[in-house]
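Visitor: I would like to look closely at one part of this model, the surface that faces one of the DNA strands. Please begin with how the protein copies are arranged.

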Number of protein chains: 2
Amino acid sequence: MTLPLGERIRAEVEARIVSGELSPGERLPTEAELMAHYACSRMTVNKALSALAAAGLIERRKRAGSFVSRPRVHSMVLDIPDLAEEIAARGQRHQYRLRKREITEGPDSPFGPDRGRVLSLAGVHYANDAAFAVEHRQVDLTAVPDIEFVDFAEQAPGSWLLRHVPWDEAETRIAAEGADAEVASWMMVAPGTATLLVERRTWRGKDSITFVRQHFRGDLYDLVARFGQSGARRS
Amino acid sequence: MTLPLGERIRAEVEARIVSGELSPGERLPTEAELMAHYACSRMTVNKALSALAAAGLIERRKRAGSFVSRPRVHSMVLDIPDLAEEIAARGQRHQYRLRKREITEGPDSPFGPDRGRVLSLAGVHYANDAAFAVEHRQVDLTAVPDIEFVDFAEQAPGSWLLRHVPWDEAETRIAAEGADAEVASWMMVAPGTATLLVERRTWRGKDSITFVRQHFRGDLYDLVARFGQSGARRS
DNA sequence: CGTGCAATAATGTATAGACATTAAATCGAG
DNA sequence: CTCGATTTAATGTCTATACATTATTGCACG
């Protein structure tokens with residue numbers, strides 16, 4: 001029950017911030033003051049405050065002190081898991097069907113000029129036989145040569161990539177878009193139906209690995225993001 | 001240039017993980033080994049590994065060692081800033097116009113039975129005179145009594161809340177939805193046009209403070225989420 | 001052949017001190 | 001009064017050490 005002193009310091013300062021007792025911009029006690037207050041060594045205080053700083057709750061400036069962070073941006077953690085796993089986790093049966101496969105070559109590659117050959121895949125994701133997402137993906141074959149010989153008739157390329165290619169950095173764009181003719185026919189909805197569009201670009205070092213556009217049926221799929229204080233809460 | 005030793009250890013181990021040299025589930029060197037390798041004290045190694053653990057890249061088990069984290073969830077940081085600020089940051093003029101205001105009372109409050117009076121607001125956000133978002137918001141007057149007397153004819157309630165009410169926890173749902181009659185007429189688009197729907201519920205302690213539904217014009221607005229390694233990178 | 005207890009190897013937390021770094025504050029010369 | 005140099009108060013990093021905690025391993029005993 002008695003949680004470690006460092007954790008306690010961190011939690012108490014955090015509580016004073018989120019309760020509004022310390023408002024944004026306000027200066028909080030120096031390490032020396034906290035050290036006296038808790039009767040502990042400076043390292044302990046420092047670790048607690050450093051953790052709060054890493055979590056973005058406070059900012060620390062030498063010679064000046066520590067301050068409650070200013071703008072309180074709504075910064076949330078968005079989980080975008082593997083579709084196959086997510087559907088399975090809901091107790092539904094996931095299926096992927098490939099609809100198009102093409103390899104292009106040339107200077108007008110989406111991954112930059114002269115990046116070489118590019119694999120383009122288009123397919124549909126099903127949950128219990130209902131089409132709920134259409135996926136267009138392009139993969140840089142220079143960065144991921146292995147993928148050329150993988151059979152995607154059944155397995156989704158996202159699942160394969162997630163397991164075989166480590167990545168560095170990713171950027172996701174989320175928007176709403178009316179279904180175009182192709183998407184509408186593959187998802188069996190009327191053209192113009194609202195879809196949730198998720199576009200993601202993934203890098204490994206400087207190389208862009210894959211670019212994917214996923215159109216989700218608006219009435220069957222949504223994303224949930226949470227913000228519970230300082231993000232990292234694992235046992 | 002010479003970054004601190006602890007940072008260097010952290011960065012090098014991290015690099016070995018994202019490069020795939022250490023794959024998920026694999027065990028990495030013990031603190032004692034790293035300590036010998038870098039010729040430094042254990043605290044330094046410990047701090048580096050603890051940071052990686054806090055970032056979710058590794059898991060640490062006593063007696064067993066440290067292991068590269070398993071599932072590699074696509075976990076991204078999504079910034080949902082204040083609309084007024086965001087529009088201003090793009091160099092456009094932001095305006096909010098209130099369209100409905102109502103105070104309800106009774107046991108069927110959206111914030112739970114017998115939470116008391118609820119303020120309902122509906123309005124439209126404009127960027128350079130173009131309507132790009134419709135917002136329906138409900139605020140628990142028991143939790144935020146001050147808001148009853150604020151004039152929202154021009155100022156957006158979200159901006160006011162962000163500045164006056166600290167919050168604890170929030171949950172955001174993102175989906176796509178066709179515009180209904182009211183939304184369509186307020187945004188001056190055809191009914192059924194794809195809109196990006198952002199619903200957010202905000203808590204302070206156990207009290208739910210506000211619930212907001214924002215419909216964005218799909219062609220005018222999107223959200224961007226980033227993932228750059230371990231989240232916390234602020235100077 | 002288990003089954004429980006003890007040894008052990010790893011991480012978790014904390015201490016007291018040292019020196020480095022940096023930016024605010026102060027002081028001095030012009 | 002202003003600018004520049006100096007002081008100084010705060011955080012940043014690191015060390016060496018100590019003890020606590022815990023899950024695994026292996027051994028002894030029923």
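Visitor: Which rotation, and how much shift along its axis, superposes chain B on chain A?

Guide: This is a predicted model, in which local features need pLDDT of at least 70 and side-chain atom pairs count only at pLDDT 80 or more, while totals for chains, interfaces and linings use all residues. Residues are numbered from 1 along each chain as its sequence is written, chains are lettered from A and ligands numbered from 1 in the order in which they are written, and side-chain values use heavy atoms, leaving out hydrogens and water.

Chain B is superposed on chain A by a rotation of 180 degrees with 0.0 Å of shift along its axis, at an RMSD of 0.2 Å (least squares on C-alpha atoms of residues with pLDDT of at least 70 in both copies). The two copies are thus related as by a two-fold rotation axis.

A phosphate oxygen lies 2.9 Å from a polar side-chain atom of Ser41(A), and a phosphate oxygen is 3.3 Å from a side-chain N or O atom of Arg27(B), whereas for Arg42(B) a side-chain N or O atom is 2.7 Å from a base oxygen.

Key:
A polar contact is a pair of N or O atoms within 3.5 Å; within protein, one must be able to donate a hydrogen and the other to accept it, and residues adjacent in sequence count only if both atoms are side-chain atoms.
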